[in-house]
Amino acid sequence: MAEAFSKNSHFEVLEPVSQSVPLVFNSPHSGRRYPQGFLEQSRLDALGIRRSEDHYVDELFSVAPALGAPMLVAHFPRAWLDVNREPYELDPRMFDGPLPSYANISSIRVAGGLGTVPRVVAENMEIYRHRFPVEEALERVENVYKPYHACLRRLIVRTHVAFGFAVLIDCHSMPGNIRVSGTGIRPDFIIGDRYGTSASGELSRVAMRLLEDMGFSVVRNKPYAGGFITEHYGRPAKGLHALQIEVNRGLYVDETTLAKRPDFAVLQTAISAFLQDFSDHVEEYAADRALAAE
């Protein structure tokens, strides 16, 4: 049984009755509450605007509180604000008015239209009809992005203080047509650890093995190694680990209609079983590290 609380209407933390494992879950891209003003600004229809969502990922990983771990869930859509970016990765071509001097206007993500306030959704579909005031973009950063990360940081710090160890699981989904370059492999899951810099290689290998033992196709870091959240919060040398888990949408959603497939619950159950096994391993891993430090 879990209790939920929210300090901001744009997101909430699903809390266990008592946190019993050194895990924190985060679902930053599964938000489905589209502000009316945003929809009026957009040139896309009600289905097209949703193409950037990590569809129902919050539901796929919803076992987290039952495992004894908190889960931060975004309700705002990624197309409106992407918290898996630096706070000010912004494209000046989108706005009326100058951006602050500290804005990162030249990142690869901005060039691709996928900055903190995105210009496009998947398949390179332009979101906005017209430029809009730069103040509106900055307000999204101040009022939603910064509180979201402050909340995530508190959960990680709380976990690290309580257990001397913390593992962030950043939950995402990927298009069903993704292939690993040079192999043609269509992965069911991708485990991202920023090429070993955001989490222990052992944790990544265990996650892969557990999923493979369940019959899934799993790869590591290709083509998704983890975004800003994984990179920013993962500090393995300090006992802070961050893993990104990408689930292939083709397993559970019709990517044309965005409706759940009939076997959605089957995949949800499989992910729950995987997370229980992974949680057990994390507890053992943390205990071993604590003993080694004594």
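**Figure 1. The largest pocket has a volume of about 540 Å³.** A pocket is an open set of points on a 1 Å grid over the protein atoms alone, where protein lies on both sides within 12 Å along at least five of seven lines. The largest pocket, of about 540 Å³, is lined by 30 residues, and those closest to its centre are Arg-78, Arg-85, Leu-114, Tyr-224 and Glu-246. Lining residues have an atom within 4 Å of a point, and a volume is the space filled by probe spheres set on the points, which are joined across faces, edges and corners. The model is predicted: local features need pLDDT of at least 70 and side-chain atom pairs count only at pLDDT 80 or more, whereas totals for chains, interfaces and linings use all residues. Residues are numbered from 1 along each chain as its sequence is written, and side-chain values use heavy atoms, with hydrogens and water left out. Helix H4 (108-111), strand S6 (120-121), S9 and S12 each supply at least two residues of this lining, and S9 gives the most, with three. Helices (H or I, at least four residues) and strands (E, at least two) are DSSP runs, numbered from the N terminus. The lining comprises eleven nonpolar, ten polar and nine charged residues. Here Ala, Val, Leu, Ile, Met, Phe, Trp, Tyr, Cys and Pro count as nonpolar, Asp, Glu, Lys and Arg as charged, and the others, Gly among them, as polar.

**Figure 2. The second largest pocket has a volume of about 160 Å³.** Its lining consists of Arg-51, His-55, Ala-122, Glu-123, Pro-175, Gly-176, Asn-177, Arg-249, Glu-255 and Leu-258. By class, these residues are three nonpolar, three polar and four charged.

**Figure 3. One cavity of 30 Å³ or more is found in the structure.** A cavity is a set of grid points where a 1.4 Å probe fits but cannot get out. Val-24, Ile-156, Ala-166, Val-167, Leu-168, Tyr-233, Leu-240, His-241 and Ala-242 form its lining. Strand S9 (166-174) and strand S12 (240-248) are the elements that give two or more residues to it. Eight of the lining residues are nonpolar, one is polar and none is charged.

**Figure 4. The largest nonpolar core has 43 residues.** A nonpolar core is a set of buried Ala, Val, Leu, Ile, Met, Phe, Trp, Tyr and Cys residues joined through side-chain atoms within 4.5 Å. Buried means under 20% relative accessible area, exposed over 50%, and partly exposed in between (1.4 Å probe, protein chains only). The residues with the most contacts inside this core are Leu-23, Phe-25, Phe-61, Ile-169, Phe-189, Tyr-252 and Phe-278. Helix H8 (residues 264-293) contributes the largest share, ten residues. Another core, lying apart from this one, has 42 residues, among them Val-83, Phe-95, Phe-228 and Leu-240. Leaving aside neighbours within four places in sequence, Leu-23 is in contact (heavy atoms within 4.5 Å) with Ala-69, Pro-70, Thr-159, Val-167, Ile-169, Phe-278, Ser-279 and Val-282.

**Figure 5. The structure holds 13 aromatic pairs.** The ring centres of Phe-76 and Tyr-148 are 5.8 Å apart and the planes stand at 80°, so this pair is edge-to-face. Phe-76 lies in the loop between strand S4 (71-74) and strand S5 (95-96), and Tyr-148, 72 residues apart from it, in helix H5 (residues 134-163). Phe-76 is buried, at 1% relative accessible area, and Tyr-148 is buried at 0%. Phe-189 and Phe-216 are likewise edge-to-face, because their ring centres lie 5.0 Å apart and their planes meet at 75°. Rings of Phe, Tyr and Trp (its six-membered ring) pair if their centres lie within 6.5 Å; planes under 30 degrees apart count as stacked, over 60 as edge-to-face and the rest as tilted. Tyr-34, Phe-38, Phe-95, Tyr-128 and Phe-132 form one aromatic cluster.

**Figure 6. Lys-222 and Pro-223 are joined by a cis peptide bond.** The omega angle of this bond is about 0°, and Pro-223 is located in the loop between S11 and helix H7 (228-233). Most residues other than glycine have a negative phi, and most peptide bonds are trans. Tyr-56, which is not a glycine, has a positive phi of about 60°. Tyr-56 sits in the loop between helix H1 (36-41) and helix H2 (57-60) and is buried, at 12% relative accessibility. Tyr-195 also has a positive phi, of about 55°. Tyr-195 is placed in the loop between S10 and H6 and is exposed, at 58% relative accessible area.
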